[in-house]
Amino acid sequence: MAQIPPTSGIRLDKWLWAARFYKTRSLAKQAIEGGKVQYNGDRCKVSKEVQIGAELSLRVGFDTKVVTIIALSDQRRGAPEAALLYEETPESIEQRAQQAAERKALGSAFAHPERPNKKQRRQIHRFQRIVSDTD
């Protein structure tokens with residue numbers, strides 16, 4: 001993989017795209033602007049130049065990953081090569097595993113809150129019938 005020397009600046013959105021955290025640079029830009037990406041503990045701009053050794057905190061789905069930049073690249077390559085650009089901290093790995101176990105233990109109670117499951121739909125319909133009968 002062609003690594004770029006640290007003297008040439010690589011934008012944060014481009015590095016996140018090359019490291020395969022986001023499918024497009026546009027999605028990376030939206031995540032940065034939305035505050036889901038922090039560079040060394042601070043909010044940053046899309047055009048922030050990344051440096052080796054910097055720590056990134058990324059909110060991806062339900063999880064937050066904390067990674068350290070160990071290489072720079074502005075070209076998107078295969079996943080095995082992209083994984084060589086960063087290293088996730090052991091605390092981050094442990095915390096994500098713990099949160100995944102908690103979500104699994106909750107089961108269907110943790111399912112998408114905006115959409116009711118079958119049992120909840122039946123309760124809603126029952127409630128609506130009761131309310132409409134009293135009117």
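**Overview of the chain**

The chain exposes about 9400 Å², of which carbon and sulfur atoms supply 51%. The model is a predicted one, with an average pLDDT of 88 for the chain.

**Confidence of the prediction**

- A score of at least 70 is reached by 89% of the residues.
- In the chain, confidence is highest in strand 5, at 96, and lowest in helix 5 (residues 118-134), at a mean of 90.
- Where pLDDT is low, the predicted coordinates should not be read in detail.

- Read from the N terminus, the order of the elements is α-α-β-β-β-β-α-β-α-α.
- The chain has 135 residues, and 24% of them count as buried.
- Of the contacts in the chain between residues at least 6 apart in sequence, 46% join residues at least 24 apart.
- Glu81 and Ala19 are 62 residues apart in sequence, yet their C-alpha atoms are 8.4 Å apart in space.
- Glu81 belongs to helix 3 (residues 79-82) and is partly exposed, its relative accessible area being 30%.

**The sheet**

- Strands of a sheet pair through backbone hydrogen bonds, either parallel or antiparallel.
- Strand 1 (residues 37-39) is joined to strand 3 (residues 55-60) by three bridges in the antiparallel sense. Within this pair, Val37 has Leu58 of strand 3 as its bridge partner.
- Strand 3 and strand 4 (residues 63-69) run antiparallel and are joined by six bridges. Here Leu56 stands opposite Val67 of strand 4.
- The hairpin of strand 3 and strand 4 has two residues between the strands, and Gly61 in this hairpin takes a positive phi near 65 degrees.
- Strand 4 is also joined to strand 5, by three bridges, and these two strands run antiparallel. Val67, already named as the residue opposite Leu56, also stands opposite Glu88 in strand 5.

- Thr89 lies in the loop between strand 5 and helix 4.
- Is Thr89 buried or exposed? Thr89 has a relative accessible area of 12%, and the cut-off for buried is under 20%, so Thr89 counts as buried.
- Leaving aside residues up to four places away in sequence, Thr89 touches Glu55, Val66 and Thr68.

**Helix 2 and its buried face**

- Which residues of helix 2 (residues 25-33) are buried? They are Ala28, Ala31 and Ile32.
- Seen down the axis of helix 2, these buried residues fall within an arc of 100 degrees, and therefore they line one face of the helix.
- An α-helix has 3.6 residues a turn, so residues three or four places apart point the same way.
- The cover over the buried residues of helix 2 includes helix 1 (12-18), strand 1 and strand 2.

**Residues with a positive phi in loops and after helix 2**

- Gly35, which follows helix 2, has a positive phi near 85 degrees.
- Arg20 is not a glycine, but its phi is positive, at about 65 degrees. Arg20 sits in the loop between helix 1 and helix 2 and is partly exposed, with a relative accessible area of 39%.
- Asn40 is likewise not a glycine and has a positive phi of about 50 degrees. The loop between strand 1 and strand 2 holds Asn40, which counts as partly exposed at 45% relative accessibility.

Methods. Residues are numbered from 1 along each chain as its sequence is written. This is a predicted model: local features need pLDDT of at least 70, side-chain atom pairs count only at pLDDT 80 or more; totals for chains, interfaces and linings use all residues. Side-chain values use heavy atoms; hydrogens and water are left out. Two strands pair if DSSP finds at least two bridges between them. Helices (H or I, at least four residues) and strands (E, at least two) are DSSP runs, numbered from the N terminus. Buried means under 20% relative accessible area, exposed over 50%, partly exposed in between (1.4 Å probe, protein chains only). Contact means heavy atoms within 4.5 Å. Accessible areas come from the Shrake-Rupley method with a 1.4 Å probe; for residues, only the protein chains shown count as cover. pLDDT is the predictor's confidence in each residue, from 0 to 100. The arc is that of the directions from the helix axis to the C-beta atoms.
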